[in-house]
Amino acid sequence: MNLIECTQLSKNYSGKNVLNQVNISLKAGAPIALVGPNGAGKTTLFSIICGYISASSGSVKILGESPNSAKLRGRLSALPQDAQLDPDITIISQLMLFAQLQGLSKAAAKHEAMRVLELVDLAQVVHEKPKSLSHGMGKRVSIAQALIGTPDVVLLDEPTAGLDPANAKKVREIVRQQSASSTFIISSHNLDELEKLCDQVIYLENGSLKQSLSIQSKQNVEYLTLVMTETDMQALTNEVSSFEGVINVTTSTDKQMIIEYSHQHGFQLETQLLTLFAQHQWQYKSILKGRTLEDTLFS
Amino acid sequence: MNTSVNQMPSALIQTWQLGKFELSKRFNSRSGLIALIAFVLVWSIILIYPIKEASNIIMHPSFKDFIASVFGPSTLDQLFKWQVAEFAMFWVAALYLFPLFSIFISADQFSSDKHRGTLRFISLRVSRNSLFFGRFLGQVFIQSLLVLITILATIMLVMSRDTSLLLPSLSSGLVVFIQLVIIVLPYIATMSVLSIFANSARQASIYAIILWVVVSIIISIMNVQFPGFEMVGYLLPGSQLSNMVNTHGLTAFAYVPIPLIQTVIILSIGRIIMQRTAL
């Protein structure tokens, strides 16, 4: 059974197509990235999956069930974009309510609330009210509520938006840790972050599905991304282009080069490159196997 | 994988859980406590001054004759049949004040939480029916508690005058409690519906005022233009209140179907709106 199956899914707001006949099929497993520019329809797609809004046409199945199905309760959870807990009620009371609504007894609900707060490293704020927390801490508490009952699917809409690097890193760690028990679907603008966490990437643009790809899929054509420091890029391009097996060389930014080459065994190309750098006294900053998600999506 | 799938509580239990949470939320927050203190103070003043003083006056036999001569023999005659004078006065005051209070106290059933996105956390765990009826039930609990507090205070007021009136006070208190809770039901239900549309409690209260004024005007015009449609007046919550002033004890139960039917109709409409609204 597919985790999420969207068929010809469309959503119109006052005549404007926000989602346009989107077909998506997602399987459980590693975190899945949902990428796209502002207004691409990411939040709308999440809102339909969560049952906050209804689709104009088409269908969505989550774990084989329609949105808002009673069978999804406790199995699907979400961190909706910009949603906040009640600022005047203690965090433990709210998380306990959520856990009790999911069928836990009062004692078990308290235990579960403490467990998820410990997961996000916020056990110390259990008796605080959300209004006394920083933005980053509030976001982590909201992520904690999404982990109650270890749901099968967790949707995170912009989980690190507006967070400082330390809090963003913490959120990534939480997702990585919990990926064994739940499948996360993460919407974000931060491609570096998604690259670190996700395998499958869904790219939406203007309400339509533009790409669906796996970052780690094996293909006959491979890529190396070089980031150089003190280098004559034109000379480097000429040298690399003459290597055996190299199909194409592109310079994406001032000091970054993407080498497209046919699949090789061992590290023949890497060895040739390091030898070349030594000969010319060229300095490199990084050699990345593959392409960044940004280059993959927008090349 | 998730292990709690088959343990999800029934819709009724979830409705009950949400109702209980609303009650505890109201009295555990600082703003809720301030509102409660204000409520107690207002009612203390009403009880100590108008109700206590008026009770002393209506116990005087000549006052009954005076009222009968001014308003006619059967306009307010039932008021003098109350065994406990304080409850006669409390009844008149509460008939109008509790509906008014209930509008403002139950104005924020959904508006703030919807605006803030808090309902999104809850709606993934409960059906929209449970969410809607749970919040309504919570407000019924809150209003019932407030009615109970004022009735107990009235009984204490009676006791300060005559301790032998304890039993009549308790029986009058019970009847009045049931009556008042039923009377406020359609008001709470109306606020349940209005707070789905409003962005704040204040906005929901404004909608309520507009609704009551506009509907009252429409009903008045209809009564003049189409005298056969007087029943339309019963669509508006509180339409029976002026008739209920001159009732006494169990006789007031004759009016119970009106607020109950209004509540069922308003809640049915609210349920449909809640199902269709975007959260």
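Trainee: If two strands pair only when DSSP finds at least two bridges between them, what is the order of the open sheet of 3 strands in chain A?

Mentor: The order is β2-β1-β4 of chain A, and the pairing is antiparallel. Strands here are DSSP runs of E with at least two residues, helices are runs of H or I with at least four, and both are numbered from the N terminus. The edge strands are β2 (16–26) and β4 (57–62) of chain A, each of which pairs on one side only. From one strand to the next, the twist averages 20 degrees. Please bear in mind that this is a predicted model, in which local features need pLDDT of at least 70 and side-chain atom pairs count only at pLDDT 80 or more, while totals for chains, interfaces and linings use all residues. Residues are numbered from 1 along each chain as its sequence is written, chains are lettered from A and ligands numbered from 1 in the order in which they are written, and side-chain values use heavy atoms, with hydrogens and water left out.

Trainee: Over how many bridges do β1(A) and β4(A) pair?

Mentor: Strand β1 (residues 4–13) of chain A pairs with β4(A) over 5 bridges, in the antiparallel sense. Within β1(A) and β4(A), Glu5(A) stands opposite Lys61(A).

Trainee: And which helix lies across β1, β2 and β4 of chain A?

Mentor: That is helix α1 (residues 42–50) of chain A, which runs at about 115 degrees to β1(A). Such angles run from 0 to 180 degrees between N-to-C directions, and the axes are lines fitted to C-alpha atoms, for helices over the stretch in contact.

Trainee: Changing topic: how many salt bridges are there over all chains?

Mentor: The count comes to 17, a salt bridge being a side-chain nitrogen of Lys or Arg within 4 Å of a carboxyl oxygen of Asp or Glu. One of them joins Asp152(A) and Arg75(A), at 2.8 Å from N to O. Asp152(A) lies in the loop between α4 (135–147) and β6 (153–157) of chain A and Arg75(A) in the loop between β4 and β5 (76–79) of chain A, so this pair ties together parts that are 77 residues apart in sequence.

Trainee: Are Asp152(A) and Arg75(A) buried or exposed?

Mentor: Both are buried. Buried means under 20% relative accessible area, exposed means over 50%, and partly exposed is in between, using a 1.4 Å probe and protein chains only.

Trainee: What does Lys25(B) form a salt bridge with?

Mentor: Its partner is Asp113(B), with the closest N and O atoms 3.8 Å apart. The pair links distant parts of the chain, since Lys25(B) is in helix α1 (residues 11–28) of chain B and Asp113(B) in helix α5 (residues 111–116) of chain B, 88 residues apart. Lys25(B) is buried at 17% relative accessible area, and Asp113(B) is buried at 5%.

Trainee: Where do Glu86(B) and Arg161(B) lie?

Mentor: The side chains of Glu86(B) and Arg161(B) meet in a salt bridge of 2.7 Å, N to O. Glu86(B) lies in helix α4 (residues 85–105) of chain B and Arg161(B) in helix α7 (residues 128–161) of chain B, so the pair ties together parts that are 75 residues apart in sequence. Glu86(B) is buried, with a relative accessible area of 2%, whereas Arg161(B) is partly exposed at 34%. Elsewhere, salt bridges that share partners join Asp86(A), Glu22(B), Lys25(B), Asp113(B), Arg116(B) and Arg135(B) into one network.

Trainee: At what angle do α2(A) and α1(B) pack?

Mentor: Helix α2 (residues 91–101) of chain A and α1(B) pack at about 165 degrees, with their axes 10 Å apart. That makes α2(A) roughly antiparallel to α1(B), a term for angles over 145 degrees, with under 35 being roughly parallel, 65 to 115 roughly perpendicular and the rest oblique.

Trainee: Which residues of α2(A) and α1(B) make the contact?

Mentor: Ser93(A), Gln94(A), Leu97(A), Gln100(A) and Leu101(A) contribute from α2(A), and Gln14(B), Gln17(B), Leu18(B) and Phe21(B) from α1(B). Contact means heavy atoms within 4.5 Å.

Trainee: Lastly, what does Gln256(A) touch?

Mentor: Not counting residues up to four places away in sequence, Gln256(A) touches several residues, including Thr225(A), Met233(A) and Thr251(A). Gln256(A) lies in strand β12 (residues 256–262) of chain A and counts as buried at 14% relative accessibility. Thr251(A), in strand β11 (residues 246–253) of chain A, counts as partly exposed at 40%.

Methods: Pairing = 2+ DSSP bridges.
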